[in-house]
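The sequence and structure come before the description.

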Amino acid sequence: MAYQQRRGGRPQGARRPHQSRGGRKGPAKKYIHPSKFINKAVAPAEEIAYEATHRFTDFPFGAELQHNISKKGYITPSAIQDQAIPHIVEGRDVIGLANTGTGKTAAFLLPIIERQSGIMLRPSVLVVAPTRELAQQIDEQFREFSRGMQLYSTLIVGGMNIDRQIRELKRRPHLIIGTPGRLKDLIGRRQIQLKNMTTLVLDEADRMLDMGFLPDIRQIVNEMPRERQTLFFSATITPEIEALTKDFLNNPVTVSVRTSETSEHVEQDVIEARDKGHKIDLLTEMLEQDHYEKVLVFGETKYGVQRLSDHLDNRGIPSVAIHGNKNQSQRSKALKLFKDEKVRVLVATDVAARGLDIPNVSHVINFDTPQTYEDYVHRIGRTGRGGAKGHAHTFIDAR
Ligand code: AMP
């Protein structure tokens, strides 16, 4: 093996890696001991599978929706679906404590879709999500689940043509799915009327708070009728989140299916490298191997991420990048190429990769060390999903 790799166990007497940032300005990087990046995966076989108490056919969904659920390949409800759907069907407000990858999207979409058929007052449902990509994924799932049911949705996100969104809104879609900034903009222009809406979904509320959207969300929620159903999803519950649920929800039921914060199915390693050039050489060598099937590489800066992706491309490893300097259509295009497995490598910043649901990622590579251990856990959570074994490699400075 050309690159040095240490496997398993805690490195004995590991010294603190160099912290020099080559004279670069900016906040000092928080030191994270390399032992945190090393962990043998627990065999997925040891996982106790969730035993659903319902089948999809137990839910009061019409034939068309049942057909679309099975066409999508869903056989049994996931834990959040199993536990939340009955309450949502009943009309209760629900707090869903669930991360991405648990099936929370279908948990709220399915009962909403069922209720939409035949509704005259439109639009009646507003779904608010933190990122454009997440909003887009919700919209895609809505379209798949409602196929053949004559239900319509409009995606209201920034970075896309606003006139087209206004035209679509005039056709009175059943669902509006959007991100806080653009939603607020169109509500301000009186293109979206909230006073007749019956249902509000706040997805990844904790992320929206982290991203500073609280004032926008409050403004949006204040314009909605008090008499409504509110579905509130968050991966974490902090005092701030709890306070919000008190303000926004009425006698809610809480359903918690949070998975543990460490990714137990992910085989974790560190790779020592002398400098950036060495890291690129090692990364290229790794990516030339066939078992690196679908690889998500994390970098720290927008420029660094783009440069690294170009570099890999030049070395004959087709790669795409997503980061904040790309516009929405460039980001969607890159993401689609990666999701459809037209390219094997996606290089991303933490922010750009937030909330993305990318199935079957075989490896996560931390080209730049994450700023915090939480970021690390978040990054590596993109692999090893659904009981599959994933791999994470983190570059650290050679001693
Ligand atoms: P989500 O947490 O909603 O982002 O969903 C994560 C992934 O799991 C998506 O690719 C879904 O299509 C998939 N999924 C959700 N529910 C089920 C289910 N009951 N059976 C199989 N796959 C599912």
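In which hand, left or right, does helix 4 pass helix 12? Helix 4 passes helix 12 in a right-handed crossing. The model behind this description is predicted.

**Helix packing**

Two packed helices are described by the angle between their axes and the distance between the axes.

| Pair | Residues | Angle | Axis distance |
|---|---|---|---|
| Helix 4 and helix 12 | 132–145 and 328–339 | about 60° | 11 Å |
| Helix 8 and helix 9 | 214–222 and 239–248 | about 15° | 12 Å |
| Helix 10 and helix 11 | 276–287 and 302–314 | about 55° | 11 Å |

Helix 4 and helix 12 pack at an angle of about 60°, and that makes helix 4 oblique to helix 12. For helix 8 and helix 9 the angle is about 15°. Angles under 35 degrees count as roughly parallel, and helix 8 and helix 9 are therefore roughly parallel to each other. Helix 8 passes helix 9 in a right-handed crossing. Helix 10 and helix 11 pack at about 55°, so these two helices are oblique to each other. The crossing of helix 10 and helix 11 is right-handed.

**Backbone details in two loops**

The peptide bond from Arg122 to Pro123 is cis, and its omega is near -10°. Pro123 is placed in the loop between helix 3, residues 104–116, and strand 3, residues 125–128.

Gln150 lies in another stretch, the loop between helix 4 and strand 4, the latter spanning residues 153–156. Gln150 is not a glycine, yet its phi is positive, at about 55°.

**The ligand site**

How many residues surround the ligand? The shell holds 14 residues, and the closest are Tyr74, Gln81, Gly101, Gly103 and Thr105. By class, the shell divides into three nonpolar, eight polar and three charged residues.

Polar atoms of the protein lie by both oxygen and nitrogen atoms of the ligand. Tyr74 contributes a polar side-chain atom, 2.5 Å from an oxygen atom of the ligand. Thr76 takes part through its backbone: a polar backbone atom of Thr76 is 2.9 Å from a nitrogen atom of the ligand. In Gly103, a polar backbone atom is 2.7 Å from an oxygen atom of the ligand. Taken alone the ligand exposes 500 Å², and the protein buries 77% of that.

Notes:
Residues are numbered from 1 along each chain as its sequence is written. This is a predicted model: local features need pLDDT of at least 70, side-chain atom pairs count only at pLDDT 80 or more; totals for chains, interfaces and linings use all residues. Side-chain values use heavy atoms; hydrogens and water are left out. A residue is near a molecule or strand if one of its heavy atoms lies within 4 Å of it. A polar contact is a pair of N or O atoms within 3.5 Å; within protein, one must be able to donate a hydrogen and the other to accept it, and residues adjacent in sequence count only if both atoms are side-chain atoms. Accessible areas come from the Shrake-Rupley method with a 1.4 Å probe; for residues, only the protein chains shown count as cover. Ala, Val, Leu, Ile, Met, Phe, Trp, Tyr, Cys and Pro count as nonpolar, Asp, Glu, Lys and Arg as charged, and the others, Gly among them, as polar. Axes are lines fitted to C-alpha atoms, for helices over the stretch in contact, and angles run from 0 to 180 degrees between N-to-C directions. Helices (H or I, at least four residues) and strands (E, at least two) are DSSP runs, numbered from the N terminus. Angles under 35 degrees count as roughly parallel, over 145 as roughly antiparallel, 65 to 115 as roughly perpendicular and the rest as oblique. A crossing is left-handed if the near helix is turned anticlockwise from the far one by less than a right angle, and right-handed if clockwise.
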